[in-house]
Amino acid sequence: MISIDSDKCTKCNLCSKVCTKKVISPGPVIDPAKNMFCIKCGHCYAVCPSEAITVLEFKDVAKDESTREPVSPDHLMNLIRHRRSLRFYKSEPVSREHLEKIVEAAAYAPSAKNMRRIKAYVYTDPQVIAQINGRLPEHYKKLLKIFAMPGFPLIWRWLGHSPGMLEAYRNDFKRITEDPEYQVLHHTPTLMVFTAPMKDPMSTADGWIAAQTATIFAETLGAGTCYNGYLVIAASKDKTLKEIMKIPANEHVVSAITMGYPAMTFKRSAARKPMRATFI
Ligand SMILES: Cc1cc2nc3c(=O)[nH]c(=O)nc-3n(C[C@H](O)[C@H](O)[C@H](O)COP(=O)(O)O)c2cc1C
Ligand code: SF4
Ligand code: SF4
């Protein structure tokens with residue numbers, strides 16, 4: 001829901017142009033029948049040259065006085081190319097000040113229909129992180145048993161996966177379950193997890209995008225990250241793991257990143273397969 005201050009409005013109609021839900025029609029006129037479809041995206045507020053628009057949900061939030069600053073393509077590409085999945089961290093967790101900024105950045109990530117139904121869980125308690133890490137092999141022991149069932153490789157092929165992929169997973173799962181030195185969470189001092197409501201595919205996408213926004217922003221604060229798919233997979237099945245993580249039953253873990261200040265410096269950017277891009 002929005003309101004327009006008619007004393008300030010100069011009738012430029014930019015707000016009706018940008019409103020993706022057509023809550024505002026040219027005039028500008030707020031269509032009462034469509035007001036319920038307002039997604040509170042703030043496009044109208046952000047475009048209005050006269051500060052005539054209020055998004056009612058945020059009417060008490062202090063105005064962001066900052067203006068858009070240029071970021072050079074070279075600087076951003078440099079950050080993107082030099083970001084590496086970091087698996088060696090200094091022992092101290094990412095500072096609370098930095099974590100709050102990273103979570104704030106994630107809150108500004110694109111979100112389907114601006115619903116923002118995802119939540120962030122940030123772990124810095126070494127005991128809780130150790131408990132989470134300690135629980136992970138349980139799930140992979142079960143998966144190894146399934147892999148060993150007669151006929152499983154055939155089912156795997158039938159599902160369209162390659163035998164090489166099965167071997168790669170088996171190799172990883174053996175390491176997780178048999179190597180006492182190996183930690184799925186890479187001895188991380190900080191773990192950031194995004195959850196979404198169950199059976200909500202759009203919010204699930206939001207959880208990934210939030211994690212990627214956090215990942216990139218963390219780099220600017222000198223913190224490195226690594227996605228942890230093996231935690232996500234285990235948390236999708238293991239109720240005990242979710243309890244340890246203090247995640248309610250009606251939420252599911254979408255994305256997880258280990259995070260910390262680097263205890264390893266990479267000297268250069270490494271090559272990547274080019275994107276198979278089609279320009280039409
Ligand atoms: C969806 C996803 C899941 C991942 N899961 C893990 C994981 O469980 N453990 C891990 O060490 N790295 C994980 N990674 C990191 C990838 O291995 C890494 O991104 C890849 O090797 C490329 O390296 P780079 O991120 O440094 O470019 C994951 C990455 C993504 C995008
Ligand atoms: S953008 Fe602002 S000034 Fe322009 S029509 Fe909308 S409310 Fe009025
Ligand atoms: S907040 Fe977004 S959806 Fe709502 S009226 Fe403004 S532009 Fe339209």
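**Strand pairing, ligand shells and an exposed serine**

Strand S6, which spans residues 190-197, pairs with S8 in the antiparallel sense, and eight bridges join the two. This arrangement belongs to a predicted model. One position in the pairing can be located by residue: Thr-190 stands opposite Met-259 in S8.

Strand S7, residues 224-227, pairs with S8 in the antiparallel sense over four bridges. Here Gly-224 has Gly-260 of S8 as its bridge partner. Strand S8 itself covers residues 251-260 and is mostly covered, with 10 of its 10 residues buried.

The ligand shells may be considered next. Around ligand 2 there are 13 residues, of which Cys-9, Cys-12, Asn-13, Cys-15 and Cys-48 come nearest. By class, the shell around ligand 2 comprises nine nonpolar, three polar and one charged residues.

The shell around ligand 3 includes the cysteines Cys-19, Cys-38, Cys-41 and Cys-44. Also found around ligand 3 are Ile-2, Val-23, Ile-24, Ile-39, Lys-40, Gly-42 and His-43. This shell divides into eight nonpolar, two polar and one charged residues.

Is Ser-6 buried or exposed? Its relative accessible area is 60%; since a residue counts as exposed over 50%, Ser-6 is classed as exposed. Ser-6 and Ala-52 are 46 residues apart along the chain, and their C-alpha atoms are separated by 7.2 Å.

Notes: Residues numbered from 1 in each chain as written. Chains lettered and ligands numbered in written order. Predicted model: local features only at pLDDT ≥ 70, side-chain atom pairs only at ≥ 80, totals over all residues. Heavy atoms only, no water. Buried < 20%, exposed > 50% of the residue type's maximum accessible area, 1.4 Å probe, protein only. Near = heavy atom within 4 Å. Nonpolar A, V, L, I, M, F, W, Y, C, P; charged D, E, K, R; others polar. Pairing = 2+ DSSP bridges.
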